[in-house]
Amino acid sequence: MISDNCYDFDSPQEECGMFGIYSSDEDIDTVKETYTALYALQHRGQESAGIVVNDGGEMKCVKNIGTVSETFSSESFSELKNGKIAVGHVCYSPQNRLTPVAAQPLLMRYLRGSLALAQNGALTNKAQLHKRLEQGGAMFQANTNAELIAYVIASLRLNYATIEETVVKAMKELEGAYSVILTSPSLLIGVRDPNGFRPLCIGKKKNSYVIASESCALDAVGAEFIRDVEPGEVVVVDENGLRSFRENCSGKTSMCLFEYVYVARPDSVIDGVSVYMARQKAGRILAQEHPVEADMVCGVPDSGLSAALGYSIESGIPYGTALIKNKYIGRSFAQKKISDREEILKVKLNVLKAGVEGKRIVIIDDSIIHGATCAYIVKILRAAGAKEIHMRVSSPPFLNPCYYGIDISDKSSLVSNMMSTQQLCEKIGADSLGFLSIEGLHSIASGAKVGLCDACFSGNYPAPVPTEVFEDKFARKIEKK
Ligand code: SF4
């Protein structure tokens with residue numbers, strides 16, 4: 001995937017990846033399994049990483065800004081003594097303002113002991129919840145969705161006999177997108193919001209249960225996929241095995257279609273649909289919707305590759321490679337050394353001159369936000385001697401913000417709101433440009449066991465959007481200094 005944080009200018013950024021394990025096997029090291037799983041989920045966020053291990057209610061946490069490899073050292077592992085339960089998290093911060101205290105999992109100590117929580121998604125009633133809890137005396141350190149959810153659970157806990165009942169009731173106060181993995185002293189709990197915006201699945205290794213954002217993390221730790229957590233479901237793992245609470249499961253569901261296009265790893269299966277096959281189908285439909293005569297079809301690595309293969313199969317145009325992605329650029333490269341976008345793109349993507357010279361090329365990318373990356377790609381293909389360049393995009397034009405956890409925030413900066421497809425084609429310098437239709441987008445996930453969200457393309461929001469903007473007063477003061 002092109003999920004390279006601040007140097008990926010023309011794809012939306014993913015938010016978070018999570019993993020939790022409850023071990024019922026003495027030979028399973030929960031910290032090692034969580035560490036391994038976080039590597040498999042690294043594509044969902046490279047801004048921070050963390051693990052909490054729970055040894056009978058005594059919880060230890062190591063987390064920091066950075067990727068998994070940057071965050072954990074051999075000292076981290078001696079700090080994280082093995083426990084029966086562990087929860088891990090990797091994160092992307094939309095405004096690049098993540099601080100170590102906002103990194104997850106969040107570890108809280110309250111009246112009923114310790115609670116550690118990892119979250120993916122965005123609450124749409126964050127401003128209202130924050131105000132209400134603050135007026136009730138809550139003190140926030142991180143101002144994250146995870147912190148709010150933890151406060152809601154902690155404040156309700158005394159009203160209910162068990163933590164699992166509390167979590168089920170807490171969901172009634174939360175609106176928007178949230179998948180959560182948390183551990184109380186003796187339980188591992190997985191939660192998926194009633195719309196099911198973000199994925200969450202359950203696996204089993206020997207007698208131990210794991211919960212993860214994507215099934216690729218189960219494969220990485222050798223766990224067998226059991227099933228997806230249902231939208232609205234709360235799953236609880238303890239010494240008696242897996243239990244489920246479905247009190248919040250009855251509504252209309254709307255899993256994020258963009259997970260299939262870009263966010264998830266191609267080797268994951270989400271709600272019954274293989275991400276790889278969904279991307280390939282997007283390419284096939286693109287070939288039907290926007291056919292063109294050409295000599296070679298190629299993808300922008302990595303998420304455009306499967307769609308390019310689909311286009312090639314459907315059109316009969318040979319599949320080839322035009323662009324090589326440098327996979328070894330770390331966050332620090334973009335943050336510390338180079339500020340010019342094109343300079344960064346030059347290091348990130350290079351053209352395979354011998355493959356494209358004199359050819360009519362169909363090049364497939366997953367999405368266009370501002371158009372800068374596409375323009376750069378067309379430019380380097382042209383400079384390498386491509387005769388014609390036909391850009392195809394395996395999603396419809398972005399026209400609306402996402403309020404459910406993907407960083408597509410500013411409607412006025414989305415290039416498809418500023419110009420027609422023909423004008424955009426001219427702007428990026430391509431010979432033709434074609435986007436997947438919304439109908440085509442839905443059909444890539446036609447076998448999904450849940451309903452689907454397409455709001456950033458269609459404007460049809462499946463759940464209420466924020467009515468108030470959350471403002472971090474303290475962050476603003478710091479910025480003014
Ligand atoms: S608005 Fe778009 S990115 Fe956001 S959840 Fe819906 S489909 Fe996904």
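Reply: Start with the ligand shell. By class, its residues comprise ten nonpolar, no polar and one charged. Keep in mind that this is a predicted model.

Here is the shell by name. Around the ligand sit F197, C256, L257, F258, C402, Y404, I406, C453, D454, A455 and C456. Two elements give two or more residues to this shell: α8, residues 257-263, and α18, residues 455-458.

Now the helix packing. Two packed helices are described by the angle between their axes and the distance between the axes. Take α4 and α5 to begin with. Helix α4 covers residues 126-135, and its axis comes within 11 Å of that of α5, with a crossing at roughly 50°. The two helices are therefore oblique to each other. In handedness, α4 passes α5 in a left-handed crossing. On the α4 side, the contact residues are K126, L129, H130 and L133. They meet N145, L148, Y151 and V152 of α5. Sorted by class, this contact holds five nonpolar, two polar and one charged residues.

Look at the link between these helices too. N143 is found in the loop between α4 and α5. Its phi is positive, about 55°, although N143 is not a glycine.

Next, follow α5 to its contact with α6. Helix α5 spans residues 145-156 and helix α6 spans residues 163-170. Their axes come within 9 Å and cross at roughly 120°. That angle makes α5 oblique to α6. Here α5 passes α6 in a right-handed crossing. So what touches what? From α5 come V152, I153 and L156. From α6 come T166, V167, K169 and A170. The class count for this contact is five nonpolar, one polar and one charged residues. V152 of α5 takes part in the contact with α6, and V152 also takes part in the contact with α4.

Now the sheet. Strands of a sheet pair through backbone hydrogen bonds, either parallel or antiparallel.

Zoom in on β20 and β21. Strand β20 covers residues 360-365, and strand β21 covers residues 388-393. Six bridges join these parallel strands. In one of the pairings, I364 has R392 in β21 as its bridge partner.

Last, the cis peptide bonds. One joins P301 and D302, with omega about 0°. Another cis bond joins Q104 and P105, with omega about 5°. P105 lies in the loop between β4, residues 85-91, and β5, residues 106-110.

Note on methods:
Residues numbered from 1 in each chain as written. Predicted model: local features only at pLDDT ≥ 70, side-chain atom pairs only at ≥ 80, totals over all residues. Axes fitted to C-alpha atoms, helices over the stretch in contact; angles between N-to-C directions. Helix = DSSP H or I, 4+ residues; strand = E, 2+ residues; numbered from the N terminus. Parallel < 35°, antiparallel > 145°, perpendicular 65-115°, else oblique. Left-handed = near helix turned anticlockwise from the far one by under 90°. Contact = placed C-beta atoms within 7 Å. Nonpolar A, V, L, I, M, F, W, Y, C, P; charged D, E, K, R; others polar. Near = placed C-beta within 6 Å. Pairing = 2+ DSSP bridges.
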